[in-house]
Amino acid sequence: QVQLVEESGGGSVQAGGSLRLSCTTSGYKYPTSAISMAWFRQTPGKEREGVAAIRGDGTSKYADSVVGRFTISQDNANNTLYLQMNNLKPEDTAMYYCATDPYVAARSLLMGGEYKYWGQGTQVTVSS
């Protein structure tokens, strides 16, 4: 039973800048190397969007809008997921959420309904 999923690293930045989000989990009986983890984002009035995801077998997936700018990675020793965001754009402004699940099929990695455990979110604001 996952007890906690916690994000950090959000903030305000100008367009073209960078941020790195972190997500730590605790209470998982599986190591992060064996589970699926993902970042989602949402702005008021819009549907939640899958941004990037990674599985224990190394499979990763990105939304088209962030390819070449965002990189998802894991520090399995510390049960931490990262999202390095470079060349940020105003349209990247959103609340970013970390999500985890023991298993998500590769084709479903960016589908929020596949994930059982969610964090509270961290705000990212990009100004032009």
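How many of the 8 residues of S9 are buried? The count is 6, so S9 is largely enclosed by the rest of the structure. Buried here means under 20% relative accessible area, exposed over 50%, and partly exposed in between, with a 1.4 Å probe and protein chains only. Strands are DSSP runs (E, at least two residues), numbered from the N terminus.

The model is predicted: local features need pLDDT of at least 70, side-chain atom pairs count only at pLDDT 80 or more, and totals for chains, interfaces and linings use all residues. Residues are numbered from 1 along each chain as its sequence is written, and side-chain values use heavy atoms, with hydrogens and water left out.

S9 has several pairing partners, where pairing requires that DSSP finds at least two bridges between two strands. S4 and S9 run antiparallel and are joined by 7 bridges; within this pair, Arg41 stands opposite Tyr96. S11 is joined to S9 by 3 bridges, again antiparallel, and Thr122 in S11 is the bridge partner of Tyr96. Strand S10 (residues 117–118) is antiparallel to S9 over 2 bridges, with Tyr117 opposite Thr100.

Another group of strands forms an open sheet of 4 strands in the order S1-S3-S8-S7, with antiparallel pairing. Strand S1 (4–8) and strand S7 (70–75) stand at its edges with a single partner strand each, so one side of each has no neighbour in the sheet. Neighbouring strands of this sheet are turned by 15° against each other on average, direction ignored; the axes are lines fitted to C-alpha atoms, and angles run from 0 to 180 degrees between N-to-C directions. S1 pairs with strand S3 (residues 19–26) in the antiparallel sense over 5 bridges, and Glu6 has Thr24 in S3 as its bridge partner.

A nonpolar core is a set of buried Ala, Val, Leu, Ile, Met, Phe, Trp, Tyr and Cys residues joined through side-chain atoms within 4.5 Å. The largest such core has 26 residues, and those with the most contacts inside it are Trp39, Val51, Phe70, Leu81, Leu83, Met85 and Tyr96. At least two residues of this core come from each of S3, S4, strand S5 (49–54), S7, S8, S9 and strand S11 (122–127). Val51 touches, among others, Trp39, Phe70, Leu83 and Tyr96, not counting residues up to four places away in sequence; contact means heavy atoms within 4.5 Å. A second, separate core of 7 residues includes Phe40, Ala53, Val104 and Tyr115.

Charged side chains meet as well. The whole structure has 4 salt bridges, each defined as a side-chain nitrogen of Lys or Arg within 4 Å of a carboxyl oxygen of Asp or Glu. Arg41 is buried, with a relative accessible area of 6%. Its side chain meets that of Glu49 in a salt bridge (2.7 Å, N to O), and Glu49 is partly exposed at 30% relative accessibility. Arg41 also forms a salt bridge with Asp92, with 2.9 Å between the closest N and O atoms. Arg41 lies in strand S4 (residues 36–42) and Asp92 in the loop between strand S8 (80–85) and strand S9 (94–101), so this pair ties together parts that are 51 residues apart in sequence. Asp92 is buried at 1% relative accessibility. Salt bridges with shared partners join Arg41, Glu49, Arg69 and Asp92 into one network.
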